[in-house]
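User: I would like to learn how to read the features of a structure one at a time. Could we work through a case together?

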Amino acid sequence: HTRMDIALLDGPFRKLHGGWRFTPLREDACKVMLTMEFEFAGRLIDTAPMYRSSETILGQLIDARSLRNDLFIATKADEEPGGDATVEQMKVSQQRLRTGAFDLMQVHNLRGTSDALARMREWKEDGKIRYIGITTSRSAQYEEFEKVMRSEELDFIQINYSLEQREAAERILPLAADRGVAVMINRAFGGGRIFEAVGDAPLPGWAQEFGCRSWAQFLLKYVIGHPAVTLSIPGMTKVHHVDDNFGAAHGRLPDAAERKRQESFYDSL
């Protein structure tokens with residue numbers, strides 16, 4: 001079994017549309033996903049050593065298809081207190097992913113942040129990492145997250161944001177825009193709870209004005225429509241979700257007024 005995120009990336013720090021996560025899937029299913037990812041022009045893979053055998057399976061599949069130079073590979077470190085433990089963890093990720101360098105290395109959930117970032121910067125200076133960042137998926141960490149954003153030079157942040165969980169838009173996303181930091185969104189579907197909220201309700205007719213054919217696309221376009229957001233890595237459990245999620249790449253994104261309308265509609269459910 002494995003877990004990873006794949007998303008459509010035009011290039012680092014540029015707007016992304018669509019993406020998906022599998023948690024977990026068999027290796028044969030991952031092969032299908034990796035093939036479909038290229039059919040849809042997807043290029044970013046976000047994984048982590050704590051996602052069971054994800055890095056190992058990904059490394060095998062990417063190496064077998066000679067895809068490393070075509071992918072933007074992001075992974076994470078979560079060893080405390082950071083420092084040497086972070087270095088050892090990154091070395092293991094190198095072996096598992098069969099790569100000499102990472103496109104993005106992230107401190108996962110602010111674990112050992114200061115020492116971990118210091119070691120990541122050393123690797124960045126040595127050309128082993130292109131970009132560094134921090135992640136969270138919990139609003140309880142936002143205060144500490146903001147402090148790190150203000151005190152450290154970061155290239156990326158990864159944070160939860162959705163129609164259900166909008167707190168990141170109050171301070172975190174504006175701060176990222178001010179500091180020129182790329183933003184990767186997780187939990188764009190609120191961990192699946194949003195689909196429970198909308199139930200069998202039909203999409204509002206006005207959603208077609210910005211190219212929505214499904215609730216997944218409605219939710220994704222809301223998230224990536226925020227001007228500070230670079231990309232989203234939403235969840236998936238089935239192969240057909242890939243086509244649905246990447247459908248958010250079609251048509252335009254909702255403007256500020258339409259995003260407000262999306263919020264009002266969701267709040268009324």
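Analyst: Start with contacts: two residues are in contact when they have heavy atoms within 4.5 Å of each other. The model here is a predicted one. In this protein, residues 24 or more positions apart account for 73% of the contacts with a separation of 6 or more.

User: How many helices and strands does the protein have, and what percentage of its residues is buried?

Analyst: The secondary structure comes to 10 helices and 9 strands. A residue counts as buried under 20% relative accessible area. By that cut-off, buried residues make up 56% of the 269 residues.

User: How do I read strand pairing, and in which sense do S4 and S5 pair?

Analyst: Two strands are called paired if at least two bridges are found between them. S4 and S5 have 4 bridges, in the parallel sense. At one position Ala74 stands opposite Leu104 of S5. On to the next strand: S5 pairs with S6 (residues 129–135), again in the parallel sense, over 5 bridges. There, Val107 has Ile134 of S6 as its bridge partner.

User: What do S4, H3 and S5 make?

Analyst: Together, S4, helix H3 (residues 84–97) and S5 form a β-α-β unit that is right-handed. A right-handed β-α-β unit is also made by S5, helix H4 (residues 113–125) and S6. S5 (residues 102–107) takes part in both units, and 6 of its 6 residues are buried.

User: Now a single residue. Is Thr75 buried or exposed?

Analyst: Thr75 sits in S4 (residues 72–77). Its relative accessible area is 0%, so it is buried. The residues that Thr75 touches beyond four places in sequence include Thr47, Pro49, Ser93, Phe102 and Leu104. Thr47 is 28 residues away in sequence, yet the C-alpha atoms of the pair are 4.8 Å apart. A polar atom of the Thr75 side chain lies 3.5 Å from the backbone oxygen of Thr47.

User: Where does Asn109 lie, and does it count as buried or exposed?

Analyst: Asn109 is in the loop between S5 and H4. Asn109 counts as buried because its relative accessibility is 17%, and the cut-off is 20%. Outside four places in sequence, Asn109 is in contact with Thr135, Thr136, Ser137, Arg138 and Gln141.

User: How do I read the sides of a helix, and which residues of H5 are buried?

Analyst: Look at the directions in which the side chains leave the axis. In H5 (residues 142–151), the buried residues are Tyr142, Phe145, Glu146, Val148 and Met149. These residues lie on the same side of H5, because they cover an arc of only 160° around the axis. On the face turned away from that side are the exposed residues Glu143, Lys147 and Ser151. The cover over the buried residues of H5 includes H4, S6, strand S7 (156–160) and helix H6 (172–179).

User: Which residues touch the most other members of the largest nonpolar core?

Analyst: That core has 58 residues, and those touching the most other members are Met120, Ile134, Met149, Ile157, Ile159, Leu173 and Phe218. Helix H8 (residues 215–224) supplies the largest share of this core, 8 residues. Another core, of 10 residues, lies apart from it, with Ala74, Tyr131, Ala182 and Leu231 among its members.

User: What is Met149 in contact with?

Analyst: Beyond four places in sequence, Met149 is in contact with Ile134, Leu154, Ile157, Ile172, Leu175, Ala176 and Arg179.

Terms used: Residues numbered from 1 in each chain as written. Predicted model: local features only at pLDDT ≥ 70, side-chain atom pairs only at ≥ 80, totals over all residues. Heavy atoms only, no water. Helix = DSSP H or I, 4+ residues; strand = E, 2+ residues; numbered from the N terminus. Buried < 20%, exposed > 50% of the residue type's maximum accessible area, 1.4 Å probe, protein only. Polar contact = N/O pair within 3.5 Å; in protein donor to acceptor, adjacent residues only side chain to side chain. Right-handed = clockwise from strand over helix to strand, strands pointing away. Arc of directions from axis to C-beta. Core = buried A, V, L, I, M, F, W, Y, C linked by side-chain atoms within 4.5 Å.
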